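Here is a short report on the structure shown below. Keep the model open as you read.

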Number of protein chains: 2
Amino acid sequence: MSKFLRELVEKCVPGVSLDCVVLGYQNNVLKVLLLKYKEHNAWALPGGFLPQGQEMEEVIGLVLKERTGLDGVYLEQFKTYSSINRGWNCNEISQEGFNKLRSTWSTADRTVLDQWFNQRFISTAYFALINCNKAEPTPDAVSEECAWVPVNELPNLVLDHKKMISEALSQLKRQINFLPIGKELLDQKFTMLDLQRLYESILDQKLDRGNFQRKMMKLGILTRHEKLMTGAQNKAPYLYSIDLKVYDQLIKTGISFV
Amino acid sequence: MSKFLRELVEKCVPGVSLDCVVLGYQNNVLKVLLLKYKEHNAWALPGGFLPQGQEMEEVIGLVLKERTGLDGVYLEQFKTYSSINRGWNCNEISQEGFNKLRSTWSTADRTVLDQWFNQRFISTAYFALINCNKAEPTPDAVSEECAWVPVNELPNLVLDHKKMISEALSQLKRQINFLPIGKELLDQKFTMLDLQRLYESILDQKLDRGNFQRKMMKLGILTRHEKLMTGAQNKAPYLYSIDLKVYDQLIKTGISFV
DNA sequence: TCAAAAGTGTTTCCAATACACCCATGA
DNA sequence: TCATGGGTGTATTGGAAACACTTTTGA
């Protein structure tokens with residue numbers, strides 16, 4: 001097991017790592033995909049190291065494929081974290097767990113791996129937009145769990161991962177007019193309220209129902225389909241889908257929602 | 001000379017570099033600070049390597065201090081460039097010049113430096129906002145010139161520096177409502193037309209004079225001072241300055257200009 | 001007195017906001 | 001028929017945009 005790890009890190013660019021804030025939307029809540037490390041009581045973002053000769057986007061793409069089963073996910077690089085204070089030991093992570101894991105390593109592997117994990121890491125962070133319903137969260141070798149966690153109920157996180165999530169979210173908020181939010185996060189067909197709740201949870205702000213509906217329709221990117229019978233004792237809402245040609249065009253120049 | 005370089009790189013994080021798109025505003029044109037390399041017919045962004053144990057922002061700050069004489073410059077990290085195709089040899093740069101320089105190196109230094117310059121570099125890019133009138137462009141040891149160049153008249157640039165500038169500018173445009181543009185790029189006192197031309201050159205778009213004036217005044221961040229007698233045969237414009245307390249507050253939530 | 005640019009005023013139009021109203025649905 | 005939520009209508013407000021008018025300055 002440590003041999004596998006050793007061979008991996010020897011193929012990678014030293015001091016460089018990657019992290020990805022994978023955002024999804026489920027039950028009217030914005031969620032982030034997290035991994036629970038086996039020997040720790042802390043969670044972490046999916047990520048990895050950068051193999052020599054590979055592009056960062058490519059590596060993130062592979063990680064996402066492994067953790068969710070999805071290809072061609074929408075990705076955006078948002079910041080590189082390089083502070084000298086972002087080491088493993090300064091946070092909520094249990095040193096104990098790591099030591100236990102380390103005790104299973106061979107002496108030869110320890111030399112390489114200790115040096116690897118003690119170096120200063122410069123981590124480039126991406127965020128991804130994903131449809132929760134299409135993804136199948138899958139833990140990796142060092143994790144016992146992979147799960148969608150609401151962004152407002154974050155557990156203990158390793159390193160500066162909590163900061164990364166928070167900064168990814170503010171980036172999302174700032175760039176909301178330029179990002180294909182609805183297209184990436186919702187199912188192909190959705191109700192107007194779905195779309196409104198999505199924007200509300202990103203902006204962290206209530207929007208007027210009537211105005212939102214009219215505004216969206218006026219943009220000319222939504223096509224109306226059959227009604228959705230929910231079984232509730234109220235009028236059934238229409239389902240809508242996004243006209244991708246118009247949408248992609250509008251996104252470039254920026255759509256104003258709010 | 002090569003000994004100095006060798007000692008420098010041995011103190012730095014391998015494979016990591018920094019670049020800074022220093023933006024200024026002069027004679028109604030947006031300009032970027034560039035260095036002309038001695039042995040090359042190409043220009044480059046100011047930048048450097050990352051010494052062990054130092055923060056990126058700190059290093060960029062030192063570079064800016066050396067190139068412009070200024071402290072406490074407004075800085076924003078905008079992207080990390082890591083492509084495997086961003087090597088030195090694939091661009092407009094003259095290999096000849098580098099070989100000439102390299103021939104002056106001792107054999108011992110060559111071993112270290114060849115390896116250093118042949119490795120894959122991952123470069124984190126920042127942009128800075130500077131008042132041209134306060135800065136004194138100063139070349140570094142490997143450059144023969146340091147100058148403000150209009151962003152619309154860029155010369156040959158090394159590596160992917162042209163792309164960096166272009167992406168810094170689009171970042172500036174996108175984030176215009178959240179950046180202290182006027183505060184950082186203009187003198188303490190300026191005319192309304194100065195401010196308007198500045199926004200026009202960032203947005204690459206003409207704005208209506210009357211509407212711009214009224215909008216700016218209504219924001220409540222400008223205080224009017226004495227008139228500026230230019231000697232021209234027309235009405236003298238007022239000088240304005242920015243009320244920093246109100247400004248900083250507004251910038252956080254985002255000011256809409258246009 | 002004239003040209004040129006600065007400052008202000010005016011008009012029109014559209015978007016944002018805040019509601020009110022009617023409609024469909026299943027209990 | 002009633003409660004609930006969906007879809008649309010409407011009145012008000014304020015800003016955006018286009019342009020006209022007045023003022024100031026030095027030639």
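**Helix packing in both chains**

This is a predicted model. Start in chain A, where helix α7 (residues 192-203) packs on α8(A) at an angle of about 105 degrees, with the axes 10 Å apart. That angle makes α7(A) roughly perpendicular to α8(A). From α7(A), the contact uses Met192(A), Leu195(A) and Gln196(A). From α8(A), Arg209(A), Phe212(A), Gln213(A) and Met216(A) take part. By class, the contact of α7(A) with α8(A) holds four nonpolar, two polar and one charged residues.

Now turn to chain B. The axes of α7(B) and α8(B) are 10 Å apart, and the packing angle is about 105 degrees. These two helices are therefore roughly perpendicular to each other. On the α7(B) side, Met192(B), Leu195(B) and Gln196(B) make the contact. They meet Arg209(B), Phe212(B), Gln213(B) and Met216(B) of α8(B). Four nonpolar, two polar and one charged residues make up the contact of α7(B) with α8(B).

| Helix pair | Packing angle | Axis separation |
|---|---|---|
| α7(A) and α8(A) | about 105 degrees | 10 Å |
| α7(B) and α8(B) | about 105 degrees | 10 Å |

**The surface near the DNA**

By class, the surface near DNA strand C has seven nonpolar, 10 polar and five charged residues.

**How the chains meet**

The contact between the chains takes 17 residues from chain B and 17 residues from chain A. On the chain B side, β1 (12-26), β5 (74-81) and β6 (122-129) each give two or more residues. That side of chain B divides into six nonpolar, seven polar and four charged residues.

How are the two copies related? Chain B superposes on chain A by a rotation of 180 degrees, with 0.0 Å of shift along its axis and an RMSD of 0.1 Å. The copies are thus related as by a two-fold rotation axis. They also meet through the same surface, because 100% of the interface residues of chain B are interface residues in chain A too.

**Helix α9**

Is α9(B) largely in the open or buried? Helix α9 (residues 244-253) of chain B has 10 residues, and the number buried is zero, so the helix lies largely in the open. Just after α9(B), Gly254(B) takes a positive phi of about 100 degrees.

In chain A, Leu250(A) lies in helix α9 (residues 244-253). Leu250(A) has 17 C-beta neighbours inside 10 Å, so this residue counts as partly exposed. A residue needs 20 or more such neighbours to be buried. Leaving aside residues up to four places away in sequence, Leu250(A) touches Leu219(A), Ile221(A) and Ile255(A). Val9(A) is another matter: Leu250(A) and Val9(A) are 241 residues apart along the chain, and their C-alpha atoms are separated by 43 Å.

Key: Residues are numbered from 1 along each chain as its sequence is written. Chains are lettered from A and ligands numbered from 1 in the order in which they are written. This is a predicted model: local features need pLDDT of at least 70, side-chain atom pairs count only at pLDDT 80 or more; totals for chains, interfaces and linings use all residues. Two residues are in contact if their C-beta atoms, placed from the backbone, lie within 7 Å. Helices (H or I, at least four residues) and strands (E, at least two) are DSSP runs, numbered from the N terminus. Ala, Val, Leu, Ile, Met, Phe, Trp, Tyr, Cys and Pro count as nonpolar, Asp, Glu, Lys and Arg as charged, and the others, Gly among them, as polar. A residue is buried if 20 or more other C-beta atoms lie within 10 Å of its own, exposed if 12 or fewer, and partly exposed in between; C-beta atoms are placed from the backbone. Copies are superposed by least squares on the C-alpha atoms of residues with pLDDT of at least 70 in both. Axes are lines fitted to C-alpha atoms, for helices over the stretch in contact, and angles run from 0 to 180 degrees between N-to-C directions. Angles under 35 degrees count as roughly parallel, over 145 as roughly antiparallel, 65 to 115 as roughly perpendicular and the rest as oblique.
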